[in-house]
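Hi there,

Here is the model I promised to pass on. Have a look, and then read on for what turned up in it.

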Amino acid sequence: MSQSLEAYLVLSVLLFGIGTFGFLAKRNAIAMLMSIELMLNAVNLSIIAFGAFTPELAAQASTIALFVIAVAAGEATVGLAIVIAIYRIRRTPLVDEYASMKE
Amino acid sequence: MDLTFNAEAATGHGAETLSLTGASSEQAIAMLLILALPLAGFLLTGLLGRRMGERPWIIAIAAILIATGIGTMLALGALSSEEPVRYGFTLYTWIPAGDLQVEFGFLFDNLTAAMMIVVTWIGSMVHIYSIGYMAHDDAKWRFFSYLNLFMFSMLLLIMADSLLVIFAAWELVGLSSYLLIGFWYKRRAPKLAAKKSFLVNRVADQSFLIGIMGVFLLTGTMNVLDSFVGFASSAEPWVRDLVALLLFVGAAGKSAQFPFHVWLPDAMEGPTPVSALIHAATMVNAGVYFIARTSPIFASAPETMVLVAAIGTFTAILAASIALTQKDIKRVLAYSTLSQLGYMFAALGVGAFVAAIFHLMAHGFTKGLLFLGSGSVIHAVSGEQDMNRMGALWRKIPITHWTFLIAALSLAGIPPLAAFFSKDSVLGESFILGFTWVFVIGAIVAAMTGFYMFRLMGKTFYGKSHVDPGVEPAIHESPRSMTVPLLLLAIPTIFLGMVIGLPLGDSTILHWLEPIFLPAEELLAIQFPEYELFGVDGALIIVSVAVAALGIGVGIWLFGIFNSRARLETVESLTDRNRVSRFFYTASQNKWYFDDLNHLVFYRFGGKVANGVMWFDVKVVDGVVNGVGTITQSVGDNIRHIQTGHVQNYALGIALGLVGMAALFMLMAR
């Protein structure tokens, strides 16, 4: 374990950046959900890092991180369900095909 | 002499004014009943009349007869008391709004009593007469419910003590008049006449309403009696003149004075009982009543008073000159009504208020009788109204003829009939008060009155018969429900003047009404000199009777009486003698082209203005409103393209926004 907070934060920013890029750039809905998970985990990492380096925040940081994991799990479930439902109708996982709400 | 404004009296410290006492509960209930009965009659007949079969008039007539009984008792009680009475009560506060407190209150004094007698008695006579006259109409129930509505409105008008209530009643009589003129709405002419009367009245009513607001602004009260107190000292003379002028325009509209006189002759398209009740005896007197009721307001505006006299005198001679040549029997009477109303306004204008109300009463009964008589004539000749297609009727419809003759003589001013006394006091008092021009023109009009009434008599009742041969055998005297009202109305036409107009110069009606007009007379500094029967007043009577007799004589000479022959060739040679006489004859027949003038001004020219206003409305006002909508729509149409429907575009937007916010936060935090 590194002794430097910055190292964790840099890693967290990198992960978040990759997640964001993936979300914006990938056309596959499943891949986009994965990118979201990556962003959530990047945020989780920074929260835990703050908690570990600041003893007063340790308890709250763990609680928030657990919440985020739980919410992420729920989000993944609902997201996947929606994607599968759309997939059944449209026969494609590519989000650019899902533009019929425009009109 | 001219009218002068007495500034001392304006401070309100003149002689004692008639004080208002609270009505006893019996009086209050009686006054409410007088109003409630016709209102109930209107509602019941209007709602249930269709199911009441052949006699839908039962409720309506019962309501009016009971109201007449109560009204007469109240009126006689007021008129016969030693001290002049004035009592009133407030039913409730109609509009409680800060400084504006309008009470729904009633007032009863001798002026109300005099009007009450005219309205209720002629009203009941007309109701009874209508049973016979409207017998063949399918919508009798509608007719009688409208008549009841009119009675309610008119009685409210004369009993109300607040300017705003008077205005409401003013509009209600206008509405019932509109409904009754257009009673035969399936025919074109009554429909147009109803619309015309309503529109002309509306124009005048606007001015009336503004005048009422003016009184409220100056005095801070809507109560008629309270408004007198401060009015005379409330503002600059020209402001008072203006307010009185606005009120006068309203009164002139309802009473059909020049230039609003055009609606009344057309109103004759309504059923004849309506012409008798509304357009001769009661509603058209509302303007005269209003000016008399608010006499202190008008007395505080002497310039307007002179204008009232001038308009009245002008209308009198204008209408009389038109009446000379009309062919329709009801139109002659209508123009005669205008002319007599002109007399009343002239009397009001010179400050002879008592004479004006006296003439109102006498003329009301006389002209009511004349109109009901003309209805009986029209009934006899199966609906014909053109006098050129009548003649020689006097033996065939004797009751109608004799009552008509009495009324014609009364209207012409032959003693001792009712209108002689009243017309003589109008003319005499204008002369005494220094308005010689009113007297001179009034005397000329008196001669014309005698002439056109006996032209009408000659053409209708005497000479050779010009009745359609097909109708001739069917000529019959009217049913009893029509002749009895004629006979009953003949009684006041004969005796009213003798009962309340004597002794001359100290008459009963003077005692009745003098206390009411005292404040106004004081404001105008009017002092009536001692009455001299064997001096100037007697001479004036002789003059007015002489001119009336002259007019009647010429009428009889030209158009015949009883069995004597009419000189129609002479008439023709007189009217056709040269270009001037031809011009006057056609101009009079065409009512001095006032209808054409109105057509030109308000239809041709006014129509152009209205079109211009419509252009502005359509192009500018609607353009702005529609423009806002169009612009919004097109902006939305254009920017909807940024909504691509691709979820990643939105996500990019969110991400950029997030970056932007973060950047901003870092800049700010530094």
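Let me begin with where the two chains touch: the contact takes 9 residues from chain B and 9 residues from chain A. On the chain B side, the residues touching chain A divide by class into 4 nonpolar and 5 polar, with no charged ones. Please keep in mind that this is a predicted model.

Next, chain A as a whole. The C-alpha trace of chain A spans about 50 × 25 × 25 Å along its principal axes. Of the 103 residues in chain A, 13% are buried. As for contacts within chain A, take those between residues at least 6 apart in sequence: 53% of them join residues at least 24 apart.

Two helices of chain A are worth a look in your viewer. Helix H1 (residues 5-25) of chain A and helix H2 (residues 29-53) of chain A have axes that come within 8 Å and cross at roughly 165°. Angles over 145 degrees count as roughly antiparallel, and H1(A) and H2(A) are therefore roughly antiparallel to each other. Their crossing is left-handed. By class, the contact of H1(A) with H2(A) holds 18 nonpolar and 7 polar residues, and no charged ones.

Which way do H3(B) and H5(B) run relative to each other, parallel or antiparallel? Helix H3 (residues 57-80) of chain B packs against helix H5 (residues 140-159) of chain B at an angle of about 20°, and their axes are 9 Å apart. H3(B) and H5(B) are therefore roughly parallel to each other. The crossing of H3(B) and H5(B) is left-handed.

If you want to pick out the residues, H3(B) contributes Trp57(B), Ala60(B), Ala63(B) and Ile64(B). They meet Lys140(B), Phe144(B), Ser145(B), Leu147(B), Asn148(B) and Met151(B) in H5(B). By class, the contact of H3(B) with H5(B) has 7 nonpolar residues, 2 polar and 1 charged.

Happy to talk any of this through when you have had time to look.

Best wishes

Methods: Residues are numbered from 1 along each chain as its sequence is written. Chains are lettered from A and ligands numbered from 1 in the order in which they are written. This is a predicted model: local features need pLDDT of at least 70, side-chain atom pairs count only at pLDDT 80 or more; totals for chains, interfaces and linings use all residues. Axes are lines fitted to C-alpha atoms, for helices over the stretch in contact, and angles run from 0 to 180 degrees between N-to-C directions. Helices (H or I, at least four residues) and strands (E, at least two) are DSSP runs, numbered from the N terminus. Angles under 35 degrees count as roughly parallel, over 145 as roughly antiparallel, 65 to 115 as roughly perpendicular and the rest as oblique. A crossing is left-handed if the near helix is turned anticlockwise from the far one by less than a right angle, and right-handed if clockwise. Two residues are in contact if their C-beta atoms, placed from the backbone, lie within 7 Å. Ala, Val, Leu, Ile, Met, Phe, Trp, Tyr, Cys and Pro count as nonpolar, Asp, Glu, Lys and Arg as charged, and the others, Gly among them, as polar. A residue is buried if 20 or more other C-beta atoms lie within 10 Å of its own, exposed if 12 or fewer, and partly exposed in between; C-beta atoms are placed from the backbone.
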